Amino acid sequence: DICGLALSGGDTGLVATYFTNVFGPGDRSSRSTNTLIRKMLAGEAPALIKGDHPHDWTYIDDAVGGMIAAAEKGRDGGSYYVGSRKPALFRDIVGRVRDVVAPGMALEFGTYALENHIDYTRFDLDALWRDAGFECRCDFDDSIRKTAQWLKELDSRGNQ
């Protein structure tokens, strides 16, 4: 899923920002990012798609920073993807999540069928950097650790 938000701020006029998978503490949804982390925390190997396509997870701090940069420094009428300028393969992202949350867990890619993937070529992945000097900087592994800890605490209190 692609989410978008139009912003108006500073001298930039109206800009649009787009995201794919924003994650982090505070997200109480059952979206795939949280579902994968929760399953790994529980020691349950998740059913996974094949995973040979580009994918992106953006930590909430980077998402907010990108929106602010677009609003303050983007060009009037600009459209900005907030996320990695070089999306990784889904299988590589999930592998990194596993390495942080459940090292050694076997991952079986291709056990879940899904063929509709986001086409990142539809976005100018460098526009936010070029126009506003912004790129995501949060450490992915640390962001996963923070999110997993928050989900663990949330679930231990029964606040799903």
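This is a predicted model: local features need pLDDT of at least 70, side-chain atom pairs count only at pLDDT 80 or more; totals for chains, interfaces and linings use all residues.
Local features here need pLDDT of at least 70 and side-chain atom pairs count only at pLDDT 80 or more, while totals for chains, interfaces and linings use all residues. Residues are numbered from 1 along each chain as its sequence is written, and side-chain values use heavy atoms, with hydrogens and water left out.

The structure holds eight aromatic pairs; rings of Phe, Tyr and Trp (its six-membered ring) pair if their centres lie within 6.5 Å, and planes under 30 degrees apart count as stacked, over 60 as edge-to-face and the rest as tilted. One of the pairs is Y81 with Y120: the ring centres are 5.9 Å apart and the planes stand at 80°, so this pair is edge-to-face. Y81 belongs to strand β6 (residues 79–81) and Y120 to the loop between α3 (90–101) and α4 (127–132), so the pair ties together parts 39 residues apart in sequence. Helices (H or I, at least four residues) and strands (E, at least two) are DSSP runs, numbered from the N terminus. Y81 has a relative accessibility of 3% and counts as buried, as does Y120, at 6%; buried means under 20% relative accessible area, exposed over 50%, and partly exposed in between (1.4 Å probe, protein chains only). Y18, Y81, Y120 and F123 form one aromatic cluster.

T20 lies in the loop between β2 (13–19) and β3 and is buried, at 4% relative accessibility. The side chain of T20 makes polar contacts with the side chains of Y81 (3.0 Å) and Y120 (3.2 Å). A polar contact is a pair of N or O atoms within 3.5 Å; within protein, one must be able to donate a hydrogen and the other to accept it, and residues adjacent in sequence count only if both atoms are side-chain atoms.

Next comes helix α5. Its 17 residues (140–156) should span 24 Å at 1.5 Å a residue, and its end C-alpha atoms are 24 Å apart, which agrees; the expected span is 1.5 Å times one less than the number of residues. The buried residues of α5 are F140, S143, I144, T147, A148, W150, L151 and L154. Seen down the axis, they fall within an arc of 165°, so they line one face of the helix; the arc is that of the directions from the helix axis to the C-beta atoms. These buried residues pack against β3 (22–23), α1 (32–41), β5 (58–59) and α3, where contact means heavy atoms within 4.5 Å. Just after α5, G158 takes a positive phi of about 75°.
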